[in-house]
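Hi everyone, thanks for coming. Please have a look at the model on the screen, and then I'll walk you through it.

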Amino acid sequence: MAIPVTDWGRPRNSGPMTAPPPDTKAWSFEALYEAHVDDVWRAVRRLGVEVGSVDDVVQDSFITAWRSLAGFEGRSSVKTWLVGIAFNHARHALRAQTQRRASSAPLDAQLPSPQRAPDDAVATQRQGQALLQLLEGLPVEQREVFVLMELEGLTAPEVSQLLEVPVNTVYSRLRLARAAINDAVARLEEPT
Amino acid sequence: MSDLSPQARAFLDAHADEGLPSPGDRERVRAAAVAALAAPSPSPAPAPASVGLAKLGLGLVVSASLIAGLALWARGEGAGRREETVASPPATVVTPPAPQVPPVEASAPAAPPPAPSPSVGAPRKNAPTPPAVGAQAAPAPEERPAAPERPEVDPAEEFRLLAQAQASTREGNPGWALELLEQHHRRFGAKALLEEEALAARVMAQCGLGRATEAEATAALLRALNPASVHLSKVERACW
């Protein structure tokens, strides 16, 4: 049997855990960063942080995580913990982003943008941003829940704590988001 | 509850890698974070955001809510934890461990990172193992010096990490055990003194997660490393 020399076994999202506190003294920042920067970066982009602000949000997230390491007790996966920290930083950046756009755009540009035409969406898909563009079409509350639960794998109670809303509200927003995404994908992939 | 349609699921799967950073993105942010952590005094709650807030005139309210949210999440790590109120921002609440952050001038540029699907588990041949502060850049993983040249390979520390991983699997948390074993691999790599034990622990964790194929491959690695390993009899019974 061939021996796969690089198959160390990739730990996938293993969900919430109840492990005893890990010995975080054995960790290194480099290891933490290398293992999770892709997940955190992508989550921040999915949440809608504009490209020019992602650097700051990701950097701040890892710095916060590193400085809070002693408090991490392994009750969630490392990825979940980091995504939660990144979400808080991203939310803060998004508020500033929204304020900047609102204060600089003329009144009629502040109206909700019309549904993207299928041709636009197809073109965007070719550019490799189709999912991010679809997420742009969701209301903020639905986008947050959809990204955190559907894409990042957080549980409803975890999202409830992050968003500071009841679990039922989380489920309600997820249901609406899923319906919207179903419709958007169906429209996107309609034969033209 | 409304579910995602198969079409939507397929769409999400097809675009799962959208939004990943480029190699330049990763390195730029890594360098900035390392520099920020190596700075003499820790910065308070996110400086860029705070500056942005001041400029926008949103006042202390949003800052306080961010700090409170961060503090609660960073300490609580998800739902189900007992409520802990933290009066000060994360940067001042906890005393972090001495970060094993290399000085900026000593950190060698990383080799081109792996493909966008993060191969968290794959050893990166040319990536240096995280050196302690002030240490030289690590030699390539294939080199095994005859005598320990770097004091940072601490057998007790390695043992502690492995023991934690083994305990995690025994206590029903094999996913966490794998996370710890990844840390072990990154920390000690080819210099690990307990390589057989680490492989055996990995087999047990993979079996615990139902990944029999991966466990079999890891067991084969152990067998290749040492056909007479005392751990083989246990791992060969683990999943099968």
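**Helices and cores**

Let's start with chain B, which has 10 helices and 0 strands; helices are DSSP runs of H or I with at least four residues, strands are E runs of at least two, and both are numbered from the N terminus. This is a predicted model, in which local features need pLDDT of at least 70 and side-chain atom pairs count only at 80 or more, while totals for chains, interfaces and linings use all residues. Residues are numbered from 1 along each chain as its sequence is written, chains are lettered from A and ligands numbered from 1 in the order written, and side-chain values use heavy atoms, without hydrogens and water.

Of the 240 residues in chain B, 42% count as buried, meaning under 20% relative accessible area with a 1.4 Å probe, protein chains only.

Now, which residues have the most contacts inside the largest nonpolar core? They are Val58(A), Trp81(A), Leu135(A), Phe146(A) and Ile181(A), in a core of 77 residues. A nonpolar core is a set of buried Ala, Val, Leu, Ile, Met, Phe, Trp, Tyr and Cys residues joined through side-chain atoms within 4.5 Å. Helix H3 of chain A, residues 78-104, gives the largest share of this core, 10 residues. There is also a second, separate core of 10 residues, with Ala200(B) and Leu222(B) among them.

Back to Leu135(A): leaving out residues up to four places away in sequence, its contacts (heavy atoms within 4.5 Å) include Arg46(A), Phe146(A) and Ile181(A).

Key: Buried means under 20% relative accessible area, exposed over 50%, partly exposed in between (1.4 Å probe, protein chains only).
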